[in-house]
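Here's a quick briefing on a protein model. Have the structure open and follow along as you read.

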Amino acid sequence: MRVFSGSSNPDLAKKIARKLQAKLGKVELSCFANGETRVWVKEDISNGKAVVVQSFSYPPDEHLIEFCLIVDALKRLGVKKITAVIPWLGYCVQDRVFRPGEPLSSKVIAKILQTTKISRIITLDLHNQVIEGFFDLPFTELFGTYTIIDYLKEKGVILDTIVSPDVGALKKSNLFSESFNQPLVVINKKRDLKSGKVSIVSVSGEVKGKKVLITDDFISTGGTLIQTAKFLKSKGVKRIYACATHHFYAQGVQEKIEKSPLDMLYVTDTIQKPKDKKYKKLKIISVAGLIAETIRKYK
Ligand code: R5P
């Protein structure tokens, strides 16, 4: 078995390969003069098995195309079984037609991936589990949530209260609440659909003097996290931790989080942190072990 990496998350691909005791496949990724993606798989693996690791993180369209081209190249070399590891399945937030005239983007992505003839998709923490139904192929959703819970327990992080930053996050926040045997409070959050600006209205329980953990699935503009942290600070919270499976590292967002009242943010490595950046309030926990274990299971 060979593990191939697209350009989105080579560090995670290396870690997965190491865990599987598999070699990283050689693939040259470049661009034609007209901007089109150019892929060249430099391996002789006909009849073999391959794993392709690629998050559809920024720039998502480029990463999607690159992924499709790598898979096509492998198929043409005669690879029989390709497992797609897509730690962040881009477009999965566009899981509904919000306004007439909009596409059902996550279903379009499912259709595109379907045409590549991959054997299985392994992904993590979908924004909405209905998306799995858009795929007519073996599909495994893993939960970075458990990796984060294990890490926090191992490090002995003391928590009094779990904070769900909105009603949508309740199911996941409940997992933390049960695991740490601590009460759960819910934030009443509003987002202006036009500007995307987040404002916090209220919290459902007592938080004064507590050590809280805000639990979310992803961080995009950072609005949810920063506004929640500010709100909780104004309510007298003692320590504010937060966690999310996916961090998009959008321009300037972690910098804003560093200046916020948040004490520490725990995320996983589904999306690669920009190499040149170092952050004091950010701890990255690897999901490579979880992914490798799952690949082995379906080998
Ligand atoms: C909401 O439904 C999501 O689960 C996240 O809470 C949210 O969208 C994160 O986005 P941002 O960082 O832009 O607030």
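Pro-59 sits in the loop between strand E5 (49-53) and helix H2 (60-76). Helices (H or I, at least four residues) and strands (E, at least two) are DSSP runs, numbered from the N terminus. The peptide bond leading from Tyr-58 into Pro-59 is cis, with omega near -5°.

This is a predicted model, so local features need pLDDT of at least 70, side-chain atom pairs count only at pLDDT 80 or more, and totals for chains, interfaces and linings use all residues. Residues are numbered from 1 along each chain as its sequence is written, and side-chain values use heavy atoms, with hydrogens and water left out.

**Loops with a positive phi**

- Gln-21 isn't a glycine, yet its phi is positive, near 55°.
- You'll find Gln-21 in the loop between H1 and strand E2 (23-24).
- Gln-21 is exposed, with a relative accessible area of 77%; buried means under 20%, exposed over 50%, and partly exposed in between (1.4 Å probe, protein chains only).
- Tyr-91 is another residue other than glycine with a positive phi, near 75°.
- Tyr-91 belongs to the loop between strand E6 (81-86) and helix H3 (105-115), and it is partly exposed, at 26% relative accessible area.

**Helices**

- The axes of H1 and helix H8 (residues 288-297) come within 9 Å and cross at roughly 50°. Axes are lines fitted to C-alpha atoms, for helices over the stretch in contact, and angles run from 0 to 180 degrees between N-to-C directions.
- H1 and H8 are therefore oblique to each other (under 35 degrees is roughly parallel, over 145 roughly antiparallel, 65 to 115 roughly perpendicular, and the rest oblique).
- Helix H4 (residues 144-154) has buried residues Gly-144, Thr-145, Thr-147, Ile-148, Ile-149, Tyr-151 and Leu-152.
- After H4 comes Gly-156, with a positive phi near 65°.

**The second largest pocket**

- Its volume is about 220 Å³, meaning the space filled by probe spheres set on grid points joined across faces, edges and corners.
- A pocket is an open set of points on a 1 Å grid over the protein atoms alone, where a 1.4 Å probe fits, with protein on both sides within 12 Å along at least five of seven lines; lining residues have an atom within 4 Å of a point.
- This pocket is lined by 13 residues, and Asp-11, Lys-15, Gln-272, Lys-273 and Ile-284 lie nearest its centre.
- Helix H1 (residues 10-20) gives the most to the lining, with three residues.
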